[in-house]
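Keep the cut-offs in view along the way.

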Amino acid sequence: ELRKLGFVLTINTNGTLIDEEWADFSAKSKPRRINITLYGASRESYGDLCGYPQGFDWVTNAVRMLRQRKVDVKLSTSVTPENVRDLEKMFAIARELEVPMGVDTYMMPAERERSLPFDMQSRLSPEDAARARVRSFFLLSALTRLPSFLVYPVFSTGTIILVMLVS
């Protein structure tokens with residue numbers, strides 16, 4: 001109904017509840033895109049950051065099911081101290097699954113963390129965030145298989161957005 005009114009539907013999800021039934025529904029309803037957050041590149045990383053290691057398997061399986069049904073999927077990650085070590089592997093997963101990848105190096109502190117000292121929050125220091133942004137730029141270039149001089153990252157609230165320079 002919303003599409004008939006001119007709405008463009010995009011779904012943001014952690015992907016853990018997407019099963020065959022939801023993948024079929026998505027293929028039938030054709031949202032513009034489903035953005036799925038990837039919190040790490042392994043069960044260990046998901047356990048460290050989210051508390052449920054099986055989430056990694058659920059998310060990668062969800063992406064595969066959606067891609068098999070020709071649903072447009074994009075992976076996104078928020079880089080934290082718990083998953084920064086996985087950055088290269090997360091880009092490799094995106095490449096393997098043949099989906100674009102977005103990276104955000106800034107996170108608002110969770111409500112439960114706001115009264116804690118900075119070093120006890122799940123956020124990168126400004127210096128580590130800057131390093132992660134630079135790494136992401138080169139990883140994004142490799143993911144898109146374009147020469148780095150054709151990929152220009154636009155930093156907006158910590159998010160890297162791919163802008164291709166066309167002459």
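Contact means heavy atoms within 4.5 Å. This is a predicted model: local features need pLDDT of at least 70, side-chain atom pairs count only at pLDDT 80 or more, and totals for chains, interfaces and linings use all residues. Residues are numbered from 1 along each chain as its sequence is written, and side-chain values use heavy atoms, without hydrogens or water.

Start with the fold. The chain has 5 helices and 6 strands (DSSP runs: H or I of at least four residues, E of at least two, numbered from the N terminus). Their order is β-α-β-α-α-β-α-β-α-β-β. Among contacts between residues at least 6 apart in sequence, 60% join residues at least 24 apart.

Now the interior. Of the 167 residues, 37% count as buried (under 20% relative accessible area; exposed is over 50%, partly exposed in between; 1.4 Å probe, protein chains only). The largest nonpolar core has 29 residues (buried Ala, Val, Leu, Ile, Met, Phe, Trp, Tyr and Cys joined through side-chain atoms within 4.5 Å). Ile-36, Leu-38, Leu-66, Leu-75, Leu-87 and Met-101 touch the most other members. Elements giving two or more residues to this core include β2 (33–37), α3 (54–68) and α5 (126–144).

Look at Leu-38. Beyond its neighbours within four places in sequence, Leu-38 contacts, among others, Tyr-46, Phe-56, Leu-75, Met-90 and Met-101.

Leu-2 lies in the segment before β1 (10–13). Is Leu-2 buried, partly exposed or exposed? Leu-2 counts as partly exposed because its relative accessibility is 43%.
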